[in-house]
Amino acid sequence: MADKSCDKILKGRKGNSGIPELPVGQLLFQALKNAPKHSIAQVNGNTGATITFEQFYKESVKLAIALKKIGVQKGDVVSIVSENLINYWIPVLASAYLGATVNPLNPIYSEGEMRRALDQSRPTVIFCSENAKDAVVGLYEQLIYVKRVITFSETTPFTDSKTSLQFFNGVENDIDSFVPTKVSMDDTAFILCSSGTTGFPKGVMLTHRSPRHYLACMSDPLFGTMSKDCVRLICLPLYHLIGCMQQVLSLYCQSLSVVLSKFKPDVFLRCIQEYRVNRMLVVPTLCIFLSNSPLVDKYDISSLEEISWGGASMCKDIEAIVKKRLNLKQVRQAYGTTEVGSACTIQVDLNKSGSAGCLCYDFMGKVCDPEKDTLLGPGKVGELRFKGPSVMKGYIRNPEATAESFDADGFLKTGDAGYYDEDGYFYIVDRFKELIKYKAFQVPPAEIEAILLTHPAVKEAAVVPKPDERAGEVPIAFVVKQDGKNVTEKELVDLVAEKVSIQKRLYGGVIFTSELPKNNTGKILRRNLKEIAKTYSI
Ligand SMILES: Nc1ncnc2c1ncn2[C@@H]1O[C@H](COP(=O)(O)OP(=O)(O)OP(=O)(O)O)[C@@H](O)[C@H]1O
Ligand SMILES: O=C(O)[C@H]1CSC(c2nc3ccc(O)cc3s2)=N1
Ligand SMILES: [Mg+2]
């Protein structure tokens, strides 16, 4: 039969939402200007600090006027180096109103990582929180492209780090006459860093089509929720794509969001109880915590209606356990990458258990043989590749990495292994980089981790490859035990052997550890575990 290639390029529905085709600064300027003035927009779950929509609007406009006075304009880059705070997004909005590109950065980067990230984005102005300023002010003298470093916190005003002048005195009167700068939808709105799971984080240039596309998807009840009654807990850092898009969503919806400046399990649960959180977007490590931590029973989190998750692989059993334990209406998987600039598939059909869903608006998707570039049909595992309105312009100041990231048809090569079924629903197997090559087989770690997590004494598990002369690589597990519970290596090796085919057995054994190394977006740093595995012998 002829290779009907067009059948193997899947197309999402045409977008027709009511979200105006406007740059993020203009979209949010209008949303904040028209929001209920005295409603609380955000609360810091750790400190209890709050900010109203009126404060968000006035403070961001005042700051925009002050930034304009020092020459910040369209095309400039403004970096934000801070933990999650209720006023984190005031400089983000102020910069966006002026058409500047916003570059949020991880506040606990090492000096080398911070230098590398800043040399990529080359900001004119850097905002840094009191807690993060040592990492930035120390670099200030060396960074010739930086005009000004402005420090802030929830209790201290925006202050010039050199002159110690409070940054936007005396701009009260111009608020009503201020209008945001007009920019093109294809201008760079954000430079966001990928999570750094597989190597150095990469500076990803996203246009205004990313936040607008995200809002368009969330405005369709099929994919998400857009309501003033939402109370979202933003669990991830605001400098990460997911945290950034969740912030855009809650401000646009004029709904309450809770941020955590420091993640602690008890604070996380207390916030859901105290602020009656009804929605949140989490990563698998948090789903696993919700599925098996005894702490969960100590809080009333019955306000939760829906949990979405993405960011790493997780077996469908955990989804079912979380849904049942928390009595949720829905646990929804979604798939996206920083380079995709939003979610590109979102779960819409509960019967498609384990699926990351179907294509979002105006997206195209395909699965390709990673070596031959040939198109693969339904059920065939290959590299997931996508094309859509929110996909990145490229990596900042890295044309080589950008060119390598797209195929001849302009599809983004994700590096992720997956497939789609006959109905066009996508399933994520894992990253190609993380599949364990046992002889001629490719073993997905998530499958073995799911079995280990069924043991009541197992709190967390990560399976990585261990070099092996005979097989090339063999699976080895790192396990964190539940407090006060015990289990032996042999028990876990046997548990897995009973449930999997011969190539998926834990020939490398089990290493018990007190915690798994994670990055700031809660993803397990498997590359660290691979190094330890190399020297372990069962
Ligand atoms: N639903 C999902 N299931 C499995 N993996 C997912 C899912 N959603 C996202 N991911 C993983 O997260 C990756 C995107 O994450 P992100 O852009 O934050 O950076 P990263 O790839 O983790 O880090 P880096 O690119 O810096 O190594 C995807 O490439 C994929 O591997
Ligand atoms: O907030 C919501 O209602 C849910 C519905 S699914 C969803 C997602 N948002 C993102 C953003 C980036 C990304 O990589 C994955 C998702 S899933 N948000
Ligand atoms: Mg990546």
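This is a predicted model: local features need pLDDT of at least 70, side-chain atom pairs count only at pLDDT 80 or more; totals for chains, interfaces and linings use all residues.
Visitor: Where is K352 found?

Guide: K352 sits in the loop between strand 16 (342-346) and strand 17 (358-359).

Visitor: And is K352 buried or exposed?

Guide: K352 is buried, because its relative accessible area is 16% and the cut-off for buried is under 20%.

Visitor: Let's turn to the cores. Which residues have the most contacts inside the largest nonpolar core?

Guide: W89 is one of them, along with F56, L63, L67, F127, F158 and F190; that core has 97 residues. It draws at least three residues from each of domain 1 (3-13 + 211-432) and domain 2 (53-184).

Visitor: What is L67 in contact with, leaving aside neighbours within four places in sequence?

Guide: With that exclusion, the contacts of L67 are V72, A94, S95, L98, F127, I150 and F167. Apart from this core lies another one of 57 residues, including V267, L328, L453 and V493.

Visitor: New topic: helix 10. Which of its residues are buried?

Guide: Helix 10 covers residues 316-325, and its buried residues are I318, E319 and V322. They lie on the same side of helix 10, because they cover an arc of only 105° around the axis.

Visitor: Why do residues three or four places apart point the same way in an α-helix?

Guide: An α-helix has 3.6 residues a turn, so residues with that spacing point the same way.

Visitor: What do the buried residues of helix 10 pack against?

Guide: Their partners are helix 9 (284-292), strand 14 (306-309) and strand 15 (330-337). Just after helix 10, N327 takes a positive phi of about 55°.

Visitor: Now the whole chain. How many helices and strands has it?

Guide: The chain has 14 helices and 27 strands. Its radius of gyration is 23 Å, close to the 24 Å that the globule rule gives for 538 residues, so the chain is as compact as a globular protein of that length.

Visitor: What does the C-alpha trace span along its principal axes?

Guide: About 75 × 60 × 45 Å.

Visitor: How much of the chain counts as buried?

Guide: Of its 538 residues, 59% do. The accessible surface comes to about 21900 Å², and carbon and sulfur atoms hold 51% of that.

Note on methods
Residues are numbered from 1 along each chain as its sequence is written. Chains are lettered from A and ligands numbered from 1 in the order in which they are written. Side-chain values use heavy atoms; hydrogens and water are left out. A nonpolar core is a set of buried Ala, Val, Leu, Ile, Met, Phe, Trp, Tyr and Cys residues joined through side-chain atoms within 4.5 Å. Buried means under 20% relative accessible area, exposed over 50%, partly exposed in between (1.4 Å probe, protein chains only). Domain bounds come from an automatic or database domain assignment. Contact means heavy atoms within 4.5 Å. Helices (H or I, at least four residues) and strands (E, at least two) are DSSP runs, numbered from the N terminus. The arc is that of the directions from the helix axis to the C-beta atoms. The radius of gyration is taken over C-alpha atoms; the globule rule is 2.2 Å times the number of residues to the power 0.38. Accessible areas come from the Shrake-Rupley method with a 1.4 Å probe; for residues, only the protein chains shown count as cover.
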